[in-house]
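Morning, everyone. Please look at the structure on the screen while I talk.

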2 protein chains.
Amino acid sequence: MTKEEIFNQIKQKQSYLCVGLDTVLQKIPRHLHSEKDPVFEFNKQIIDATADFCVAYKPNTAFYEALGSKGWESLQKTLEYIPDTFFKIADAKRGDIGNTSQLYARAFFEQMQADAITVAPYMGKDSVTPFLGFPDKWVILLALTSNPGSADFQTTALTSEEMLFEKVISVSSKWADASQLMYVVGATKAEQFKHIRKLIPEHFLLVPGVGTQGGDLALLSQFGMNKYCGLLVNASRSVIYASNGKDFAVQAANETKRMQEEMAKYLEKYLV
Amino acid sequence: MTKEEIFNQIKQKQSYLCVGLDTVLQKIPRHLHSEKDPVFEFNKQIIDATADFCVAYKPNTAFYEALGSKGWESLQKTLEYIPDTFFKIADAKRGDIGNTSQLYARAFFEQMQADAITVAPYMGKDSVTPFLGFPDKWVILLALTSNPGSADFQTTALTSEEMLFEKVISVSSKWADASQLMYVVGATKAEQFKHIRKLIPEHFLLVPGVGTQGGDLALLSQFGMNKYCGLLVNASRSVIYASNGKDFAVQAANETKRMQEEMAKYLEKYLV
């Protein structure tokens, strides 16, 4: 999927919402447990209910791996079910030496038909570039994550001017341009978006941490938006577990609609 | 598996070799392709042939994920096949926010019955600690990897005294002691082992990069060994692809025997 295609979807739907499919078997409403593949059935109904209000879906692979090879099948079926007009992100946080990253790339881009994969930067350039050899496929590199542990290494000062995550951004942004590379920047760090936009004005940012983790959608939209919107804001638990009853899909639709309407306002206000 | 149990195996076998099961379908000898599960059959024969000369096995999960849910099954069967006297490492390089890391931990420690998992440090403490809640299970944290990209961020100077990987070691070594935490330190950085041993005299180091990647076994053994040996040296491609003919298992045995005999000498010489 190209940058322009993503932007077109955002304009059409007036939304830059990504729904995180972090599906836990134990949290799926009871009436679905008799289905042959409850995880897939849950995802399918969530996708059907939320498709009008979001532009991307992001299954986190951990939730599927926890169920073994059966979970892996549910993940594959889920990615196949999502229509191709959506940006499909495998939130896998992979990264390994070159020949190994190459295999991960094939697993997620060819086997799974994902458009993008999240990658951890610690192992450097040759762990990331194998993911960049696939046309219209994307790397989403971890820069500044939304969790408390981001303070352990990511915000370590290298000089009085630069923290580690800023070096990660400035070094890696030479490996690929904004048509293949995005960054994860947590919504809980909204004050950082202004500065990050100076380093990378053009790149899309994938923003977790709105919803359950408490990030500020208004603020990050104000500071983070660029002329292509440049933001994909993820919500997982606040959407997919909006209700644990038979109305789970209706409530998920309501929650995504609420976020979409808020996003429409910010697009009106901040899109350059 | 406890530290003492690992050390006992090392003494018994006079070996600190770990065999990396990085099995690529295309590289498996032809005569195995008619098997129902060629990947598992290959691993099984490699394990049978090398078991006398090594103390650990390390499948890298990428090689199995590349084959989809079928590969995931081959991985599970392989881990089940390895006898419990061996230290079983899932080389997964995972790491995510707390609730997600928890799921990866369950996938690898409970579903897969691995003894250890490799974890990337970039997301900090709360991405690592969920893996530490399982008795006699281990985290092996990436510190200084064997690939060229390790120079991009890992060896970045934080002060005139400290590089990033050293901060990763000194900070994370407070999260767990040497009975639960190991570090990945690449063999291609043998000159660093002396210094690393000052930071963490007690911890085991998992050392990739001997064999195909060219690390120096003599030097790293001299600088890296401690009173529990403290080293698990991995060889993957140089062992499992020692031959691509019908004699692949025999040649794998020869290569591991050669390494074991070299290791026996270093244990004699350097074990404190």
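B:Asp136 is partly exposed, at a relative accessible area of 41%. Here buried means under 20% relative accessible area, exposed over 50%, and partly exposed in between, with a 1.4 Å probe and protein chains only. This is a predicted model: local features need pLDDT of at least 70, side-chain atom pairs count only at pLDDT 80 or more, and totals for chains, interfaces and linings use all residues. Side-chain values use heavy atoms, without hydrogens and water.

Back to B:Asp136. Its phi is positive, near 60°, and the residue is not a glycine. Where does B:Asp136 sit? In the loop between helix H6 (125–128) and strand S5 (138–144) of chain B. Helices (H or I, at least four residues) and strands (E, at least two) are DSSP runs, numbered from the N terminus.

Next, B:Gln113. This non-glycine also has a positive phi, about 60°. B:Gln113 lies in the loop between helix H5 (98–111) and strand S4 (116–119) of chain B. At 46% relative accessibility, B:Gln113 counts as partly exposed.

Now chain A. A:Gln113, with a positive phi near 60°, follows H5(A). Buried residues in H5(A) include A:Leu103, A:Tyr104 and A:Phe108.

Last, a helix pair. H9 (residues 217–224) and H11 (residues 248–270) of chain A pack at about 30°, with axes 10 Å apart. Axes are lines fitted to C-alpha atoms, for helices over the stretch in contact, and angles run from 0 to 180 degrees between N-to-C directions.

Terms used: Residues are numbered from 1 along each chain as its sequence is written. Chains are lettered from A and ligands numbered from 1 in the order in which they are written.
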